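Me: Hey, I've just opened this one and could use a hand finding my way around. Can we go through it together?

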Amino acid sequence: MSSDFPKVGKRIAAAAGILFLLSGCTTLIDKPPDIPWHACYQTISDPHALSFRDTGIAFLQTEYGFPETPVNRVMLRFSKKTETAKNYRVGQYFSRNEIVDAEKGVFCIYVGVPPSHERFYYLLGHEIGHLLHPRRIDDPEMERFCNEFSRRLCEKENKKFNSNWENRKWVLQPKETANE
Ligand SMILES: [Zn+2]
């Protein structure tokens with residue numbers, strides 16, 4: 001009997017070690033493919049942000065014509081992971097425009113800072129500009145257009161505009177939002 005004790009002890013030690021590893025660090029997993037990207041990030045419901053989005057889409061259309069893909073619905077997200085998505089291996093604090101369903105005209109705009117942040121409207125305006133040609137990505141001409149569009153929209157809506165778009169490393173690691 002006594003010879004069994006060390007074995008049992010080893011097993012307990014091994015199990016405890018595994019438990020420690022599991023609980024000691026956050027294990028990131030791949031996002032399940034059936035979970036859409038927009039479900040991983042925080043919904044923006046600030047009425048001023050929603051109204052700026054609607055005004056911006058209307059302004060885009062009156063000033064620059066119809067977007068190449070019809071725009072019927074644009075969801076807004078602050079690109080910080082939700083509680084449910086906290087273990088997913090996905091990026092945060094980025095700004096971009098996603099075509100969710102081209103046929104139905106559904107998009108999602110992600111903004112790297114929350115609506116209370118001073119750069120929020122400038123970033124949102126830029127992403128609204130991308131709705132004109134949503135498939136033109138990594139295109140310097142399109143980026144310049146979006147900056148100019150955002151400048152005009154922010155001016156019209158009395159929102160602060162920061163034209164220092166090139167120096168936007170902070171978008172990826174905003175100190176102001178890192179601990180929120
Ligand atoms: Zn852009």
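Me: What am I looking at, and how are the residues numbered?
Reply: This is a predicted model, where local features need pLDDT of at least 70, side-chain atom pairs count only at pLDDT 80 or more, and totals for chains, interfaces and linings use all residues. Residues are numbered from 1 along each chain as its sequence is written.

Me: OK, how many helices and strands does the chain have?
Reply: There are five helices and four strands. Both are DSSP runs, numbered from the N terminus: helices are H or I with at least four residues, strands are E with at least two. Along the sequence the order is α-β-α-β-β-β-α-α-α.

Me: And how much of the chain is buried?
Reply: 21% of the 180 residues. Buried means that 20 or more other C-beta atoms lie within 10 Å of the residue's own; exposed means 12 or fewer, partly exposed is in between, and the C-beta atoms are placed from the backbone.

Me: Let's switch to α2. Which of its residues are buried?
Reply: Phe52, Gly56 and Leu60. They sit on the same side of α2, because they cover an arc of only 75° around the axis; that arc is taken from the directions from the helix axis to the C-beta atoms.

Me: So what's on the other side of α2?
Reply: Pro47, Ser51, Asp54, Ala58 and Thr62 are there, and they're exposed.

Me: What covers the buried residues?
Reply: The cover includes α3 (120-129) and α4 (140-156). Contact here means C-beta atoms, placed from the backbone, within 7 Å.

Me: New topic: how do the strands pair up?
Reply: Pairing requires at least two bridges found by DSSP between two strands. β1 (residues 41-43) and β2 (residues 73-81) run antiparallel with three bridges, and Tyr41 has Lys81 of β2 as its bridge partner. β2 also runs parallel to β4 (residues 106-111), joined by six bridges, with Phe78 opposite Val111 in β4.

Note on methods. Two residues are in contact if their C-beta atoms, placed from the backbone, lie within 7 Å.
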